[in-house]
Amino acid sequence: MHKILKKIVLIIGLTGLFIISLRISPALAFENDITLKSTAKFFGGILAAHCIHEGAHALVAAACDTDLDWEVGTYNQPIGFTEYADSDSKGLAINSAGLLAQVLGSEIILQVDSIDKNDAFVRGMMTWNIINPILYAADYWFIRRTNQETSNGGYQGDIQGIEYYSNESKANTFAICMVAVATFQGYRFIKIQSWAPDWMMNESYSLNFDLQHDGGFLFSLNMKF
């Protein structure tokens with residue numbers, strides 16, 4: 001049952017990823033006003049979101065009094081870290097910090113009215129904040145390029161790190177939640193874009209995501225007849 005749920009969420013997430021990749025791109029994100037400045041701002045937003053992800057790892061590691069070694073071109077990523085956590089709780093906190101910071105950052109953007117949701121920089125940040133968690137989960141479940149066990153009994157990749165310091169079930173739950181939240185945030189972000197299609201503005205249906213008291217979540221589509 002868990003595997004079936006995981007595949008369903010993955011399909012939803014990848015569908016959302018396809019739509020977002022198609023609609024929020026350097027060519028389409030600025031509509032008819034594509035300039036060098038707007039393009040630079042878009043990719044600057046992507047870089048900022050990436051830095052927030054990595055910075056969250058570093059910040060939590062510092063809070064946990066844990067050393068990190070940073071290297072370029074390691075773990076099949078542009079930049080990666082090796083942590084030396086001395087407890088499972090610290091290891092979990094450090095490895096989960098990056099993706100959690102991204103979904104938190106997206107929620108702040110969506111909730112704060114003073115942030116221009118149609119700004120190229122914001123669009124770049126949201127693009128990476130939506131796509132990256134979905135790609136991380138897909139890699140952990142299927143691709144196994146970044147998230148994998150190492151030959152010396154260690155690990156590489158954030159979600160694999162969560163499994164390393166807890167178990168596979170918790171890592172799967174974390175990955176599913178990241179895909180669900182990122183997909184829902186992507187849906188909400190597209191709805192408030194100036195180029196959003198009319199059918200997305202129709203109030204006869206809505207996509208909803210709610211946390212449950214038992215620690216689970218409810219992902220639902222409501223339709224009015």
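A residue is called buried here when its relative accessible area is under 20%, exposed when over 50%, and partly exposed in between (1.4 Å probe, protein chains only). On that scale, buried residues account for 47% of the 225 residues in the chain. The structure is a predicted model, so to speak of local features takes a pLDDT of at least 70 and side-chain atom pairs count only at pLDDT 80 or more, while totals for chains, interfaces and linings use all residues. Numbering runs from 1 along each chain as its sequence is written, and side-chain values rest on heavy atoms, with hydrogens and water left out.

As for the overall layout, the chain has 7 helices and 6 strands, taken as DSSP runs (helices H or I, at least four residues; strands E, at least two) numbered from the N terminus. Their order along the sequence is α-α-β-β-α-α-β-β-α-α-α-β-β. With contact meaning heavy atoms within 4.5 Å, 58% of the contacts between residues at least 6 apart in sequence join residues at least 24 apart. The accessible surface (Shrake-Rupley method, 1.4 Å probe; for residues, only the protein chains shown count as cover) comes to about 11900 Å², and 62% of that belongs to carbon and sulfur atoms.

Next, the charge pairs. The structure holds 3 salt bridges, each a side-chain nitrogen of Lys or Arg within 4 Å of a carboxyl oxygen of Asp or Glu. In one, Lys41 meets Asp119 with the closest N and O atoms 2.6 Å apart. This pair links distant parts of the chain, 78 residues apart: Lys41 sits in helix H2 (residues 36–63) and Asp119 in the loop between helix H3 (88–111) and H4. Lys41 is partly exposed, because its relative accessibility is 30%. Glu107 and Arg188 also pair up, at 2.8 Å from N to O. Here helix H3 supplies Glu107 and helix H6 (residues 168–191) supplies Arg188, 81 residues apart. Lys90 and Asp86 form a salt bridge at 3.2 Å between the closest N and O atoms; Asp86 counts as exposed at 59% relative accessibility, whereas Lys90 is partly exposed at 24%.

Beyond its neighbours within four places in sequence, Asn132 is in contact with His53, Leu99 and Gln102.
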